[in-house]
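Subject: Structure handover

Hello,

Below is the structure I said I would pass on. My notes on it follow.

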Amino acid sequence: MVSRFAPQQGPPGNQSTAAFEIDASKVLRLGYKMKGGEAARIIRVELSSAVKQSVGSARDKANARVRKRSGKLQRSATTRVRVFATRIEGVVTWTARSDKGFPYPIVIESGRKAFGPKSAPFLVFKTRDGKWIRTKWVRAWPGTQFASKGLQETEPQIIGFMAAARDRIATRVEAVAVS
């Protein structure tokens, strides 16, 4: 039932995103053939509910992987469930920005390249504790992959939510009269 279970990243430099989708085409077709439109509606409602639980769980697992400083990154997480004709998509998006407007969740997720000065002999910057640093090079940083790892950690729970939805669908569709 889970057709794509892979994190995605939003537009470069914009946001960090973890998403998955459920391919419900076969179960919807079967429900519609056996019990009609009411069965298809029940299937969509139950799968949407399971996806909503799943994205909430994925958000919580990913947020737990982020080192908390101000909590802005965790608070910026939003969840969305989109229902299409034959698939249901769950998306968690982090949109936090620094005080100067820099969209940092994508850097925390995927890291950064090494960099050095373009025209000056040194890079000079101030740390959080007020100390000045002067260097010729800043090393690359791999990132934490908090969104992708959080989504991977949630996979067993997502499967559990889908199994519970399957059981609810079977019970509810069985009670539907053939139309």
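Is S48 buried or exposed? The model is a predicted one, and in it S48 has a relative accessible area of 16%. The cut-off for buried is under 20%, so S48 counts as buried. S48 sits in helix 2, which covers residues 37-64. Apart from neighbours within four places in sequence, S48 is in contact with V81, V83 and I88.

A50 also lies in helix 2. A50 is buried, with a relative accessible area of 0%. Leaving out neighbours within four places in sequence, the contacts of A50 are F161, M162 and A165. R166 is 116 residues from A50 along the chain, and the C-alpha atoms of the two are separated by 9.4 Å.

Next, the nonpolar core. The largest one has 32 residues, and those that touch the most other members are F20, L47, V51, L73, W94, F146 and M162. Two or more residues each come from strand 2, helix 2, strand 4 (87-94) and helix 5. Helix 2 gives the largest share, 10 residues. As a general point, nonpolar side chains tend to be buried together in soluble globular proteins.

P105 belongs to helix 4, residues 105-110. With a relative accessible area of 0%, P105 is buried. Setting aside neighbours within four places in sequence, P105 is in contact with S16, L73, W94, T95, A96 and F146. E21 is another matter: E21 and P105 are 84 residues apart along the chain, and 22 Å separates their C-alpha atoms.

Now to helix 1.

Which residues of helix 1 (residues 25-35) are buried? They are S25, L28, G31 and K35. These residues lie on the same side of helix 1, because they cover an arc of only 140 degrees around the axis. In general, an α-helix has 3.6 residues a turn, so residues three or four places apart point the same way. The exposed residues K26, K33 and M34 are on the face of helix 1 turned away from the buried side. The cover over the buried residues of helix 1 includes strand 2 (16-23), helix 2 and helix 5 (146-174).

How do helix 1 and helix 2 pack, and at what angle? The angle is about 145 degrees, and the axes are 6 Å apart. Their crossing is right-handed. On the helix 1 side of the contact are V27, L28, G31, Y32 and K35, which meet G37, A39, A40, I43, R44 and L47 of helix 2. Sorted by kind, the residues of this contact are seven nonpolar, two polar and two charged. Between the two helices, G36 follows helix 1 and has a positive phi, near 90 degrees.

A positive phi also turns up at Q145, a residue other than glycine, where the value is near 50 degrees. Q145 is in the loop between strand 6 (132-135) and helix 5. Its relative accessible area is 25%, which makes Q145 partly exposed.

That is what I have on this one.

Regards

Notes:
Residues numbered from 1 in each chain as written. Predicted model: local features only at pLDDT ≥ 70, side-chain atom pairs only at ≥ 80, totals over all residues. Heavy atoms only, no water. Helix = DSSP H or I, 4+ residues; strand = E, 2+ residues; numbered from the N terminus. Buried < 20%, exposed > 50% of the residue type's maximum accessible area, 1.4 Å probe, protein only. Contact = heavy atoms within 4.5 Å. Arc of directions from axis to C-beta. Core = buried A, V, L, I, M, F, W, Y, C linked by side-chain atoms within 4.5 Å. Axes fitted to C-alpha atoms, helices over the stretch in contact; angles between N-to-C directions. Left-handed = near helix turned anticlockwise from the far one by under 90°. Nonpolar A, V, L, I, M, F, W, Y, C, P; charged D, E, K, R; others polar.
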